[in-house]
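Let's take a walk through this structure together.

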Amino acid sequence: MAISLKPNPKDHFNSFMNLLNLRQPFTFIRFSDGEVEVLRNRKLTISNKKTFFRGKVFSNNYPEMDKKKFEPLIDQEFRKDLLASSIFRSKAFYKGIRTFSMNDTESILDREFLLRLNGGFDSHITFSDLLINENYLKFRSKMFPLILNKFKNIVVVSNWRSEIKFKFHKHIKVCDNFIKNYQNEVTSILNALINTPLHAIVLCSASSLTNILGHKLYLLRPDLTFLDVGTSINDL
């Protein structure tokens, strides 16, 4: 029987649901085009009204909290840790990458680049938009309520402005433009996470820092579930 070399978003979503229901720890992190730029060691700037991406300048409407800047000659500690998260493989460590259905050249190149870093395609490669797009309504109606019901201790890692509208154990605040103060920020957040109660869940929405925290925490606290929720619960 031929083995599919393409993730199945429904299968992975259902697999995550089963793991959450059993409170069996796993980690899910996501790599999008911004992470790929850093991994390729190319300058990336997101500032007020302007984005420098792939050598070109684009306009944007991002809020102040989304400002960030990666300078290849300065920010190598950050890149090194992001690279470590992209090549790491383990039985409970899932990585979302660019969609397999897009046909534009850049997306294909990004996808193949991430697969090479991973050592090829495997059953722990899924989509970076697994919890949004096609699965978003199921995430909000089924998965998120399951998390609230199953986990007594929910830790949220997100921007310092966040006003969390659900019951949580602890909110760990992330500064704006964390790359500028990367080493202090990642150390401070890990120190706050290391004492998380046993078998808790961490919901993380911290841009590329999420990938790094997910990897480091997997090694330090394998009893924790770590979920990169991205923008999927922004309203909450």
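Start with strands S8 (residues 154-159) and S10 (residues 201-205), which pair in the parallel sense over 5 bridges. Strands here are DSSP runs (E, at least two residues), as helices are (H or I, at least four), numbered from the N terminus, and two strands pair if DSSP finds at least two bridges between them. Within this pair, Val-157 sits opposite Cys-204 of S10.

A quick note: this is a predicted model, where local features need pLDDT of at least 70 and side-chain atom pairs pLDDT 80 or more, while totals for chains, interfaces and linings use all residues. Residues count from 1 along each chain as its sequence is written, and side-chain values use heavy atoms, leaving out hydrogens and water.

S8 also pairs with S9 (residues 170-174), again parallel and over 5 bridges; there, Val-156 has His-171 as its bridge partner. 6 of the 6 residues of S8 are buried, so the rest of the structure largely encloses this strand. Buried means under 20% relative accessible area, exposed over 50%, and partly exposed in between (1.4 Å probe, protein chains only).

Now zoom out: the open sheet has 7 strands in the order S7-S6-S1-S11-S10-S8-S9, with parallel pairing. S7 (125-127) and S9 stand at the edges with a single partner strand each, so one side of each has no neighbour in the sheet.

Helix H6 (residues 182-193) packs on the sheet, touching S8, S9 and S10, where contact means heavy atoms within 4.5 Å.

Finally, look at Leu-219 in helix H7 (residues 209-220). Leu-219 counts as exposed because its relative accessibility is 52%.

Notes:
Axes are lines fitted to C-alpha atoms, for helices over the stretch in contact, and angles run from 0 to 180 degrees between N-to-C directions.
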